[in-house]
Amino acid sequence: MRTGISVEEARRLVLDAIAPLPPETITVPDALGRVLAVPVTAGRTLPPADCSAMDGYALRAADLAGASRAAPKTLAVAFEVAAGGSAPRALGPGEAARIFTGAPLPPGADAVVMQEETEAAGERVRCFVAPKPGEHVRQAGEDVRAGEAVLAAGTRLAAPHIGLLASLGRSFVPVHRRPHVAILSGGDELVEPDEDVTGGRIVSSNAYALAAQCAEAGALATNLGIARDTPQDLERGLRAGLASDVLLSSAGVSVGDHDHVRPVLEKLGCRLVFWGVEMKPGYPLTFGRFEAGAGPLVFGLPGNPVSALVTFEQFVRPALLRLSGHRTLTRPVVRAQLGETLRKKAGRLHFVRVTLAREGERFVARSTGNQSSGVLSSLALAQGLLVFPAEATELAAGSVAEVQVLDADVLAAPGPALA
Ligand code: AMP
Ligand code: MG
């Protein structure tokens, strides 16, 4: 087991251990946000035939050569084609067909003149423009051609992809399975939110916050409840999560007398890959796996609420995204100017809870207050986590640092350039 490793090394050890989960086939409307497991090839051509892009008249462009407002040309209206209909016959020279958006172009026609450029006159139509061949015509296959690869494996399905799959006549689609995550909280002091908190008890808030983080990452979380600080009770609790894809335990991974998580995991057959990451908050993070995939990936998260959430954010979230087939595993990162000077000792990378204000062309990061790993309220205020590198001891006001953006709305806030 490795110990005292860098954040970067820990991330590599976690992600190297993970491949996307196998596919499952689900209905297209359910697939929003899921990741395509195989490429999609078009089974049909879209549009299936040349059709009109406008309400107007389908005709032969050559018949209107030289036409203009001053010198209109008149054609005989032979028939009408509505969307969903079809032409009764081919269009002859000197003829036009009344046509509506989406209706198939009659054979013989090669252009459409929009209604606004014409004047109806009984059985005839006066045209004020000379269209080029193909004008206002949607060509067969201009969207998709049968046999063409339209969506690559690894595509995260958004609304246009769902629409495209539907257009192709697909009802089902193979996507990567979503990871099942089991969450166990350990600690004699822990109670549920509606229970008595006298006598130094605290609510097991981590179970709720971690489940919310799982849901936000598209994973399916199950709360295994609270285990007492005994090896026996912890073992019982951890066993309940062995059938999941990922097992998260919170607390009990430090070096205290009541911290039994690591030895119990080893007893269950879990190989601990690392314990201790040079970061703050979150040093005691533990990661383990079962050989040959015979059990879940295991994260022993520190118990302090901010440590649990920040280690989830740095390691568990990317892991869940990779299991779900996602290619992008990180949050957006912006470079922000410091609104105040930050100092720390060299050695551990700090994730500093900050607000992000857009000031002109730049972002300015300011601490949200008390950075203690037990102070959840300052994480609730944070719009980003500022990366204070391990060896740095000071980031002066006005200097620039990277910030992981937790609240993507920050990116949408209009600066003066957009206002
Ligand atoms: P431990 O890792 O057991 O030393 O716990 C560190 C700190 O986190 C202690 O102050 C615990 O009370 C707190 N803590 C542990 N588990 C939870 C939990 N599930 N929810 C909220 N706080 C917790
Ligand atoms: Mg404890």
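Phe274 is buried in this predicted model, with a relative accessible area of 0%. Phe287 is likewise buried, and its relative accessible area is 0%.

**Aromatic pairs**

The structure holds three aromatic pairs, counting rings whose centres lie within 6.5 Å. One of them joins Phe274 and Phe287: the ring centres are 5.7 Å apart and the planes meet at 40°, so this pair is tilted. An angle of that size falls in the tilted class because stacked planes are under 30 degrees apart and edge-to-face planes over 60. The pair connects distant parts of the chain, since Phe274 belongs to strand β19 (residues 270-277) and Phe287 to strand β21 (residues 286-290), with the two residues 13 apart.

Trp275 and Tyr283 make another aromatic pair, which is edge-to-face, with 6.0 Å from centre to centre and 85° between the planes. Both Trp275 and Tyr283 are buried.

Phe299 also belongs to this picture: ring pairs link Phe274, Phe287 and Phe299 into a cluster.

**Charges over rings**

Two arginine side chains lie over the faces of aromatic rings, as the table shows.

| Charged residue | Ring | Distance from the ring centre |
|---|---|---|
| Arg69 | Phe128 | 4.3 Å |
| Arg262 | Trp275 | 3.9 Å |

Terms used: Residues numbered from 1 in each chain as written. Chains lettered and ligands numbered in written order. Predicted model: local features only at pLDDT ≥ 70, side-chain atom pairs only at ≥ 80, totals over all residues. Heavy atoms only, no water. Helix = DSSP H or I, 4+ residues; strand = E, 2+ residues; numbered from the N terminus. Buried < 20%, exposed > 50% of the residue type's maximum accessible area, 1.4 Å probe, protein only. Lys NZ or Arg CZ within 6 Å of the ring centre and 35° of its normal.
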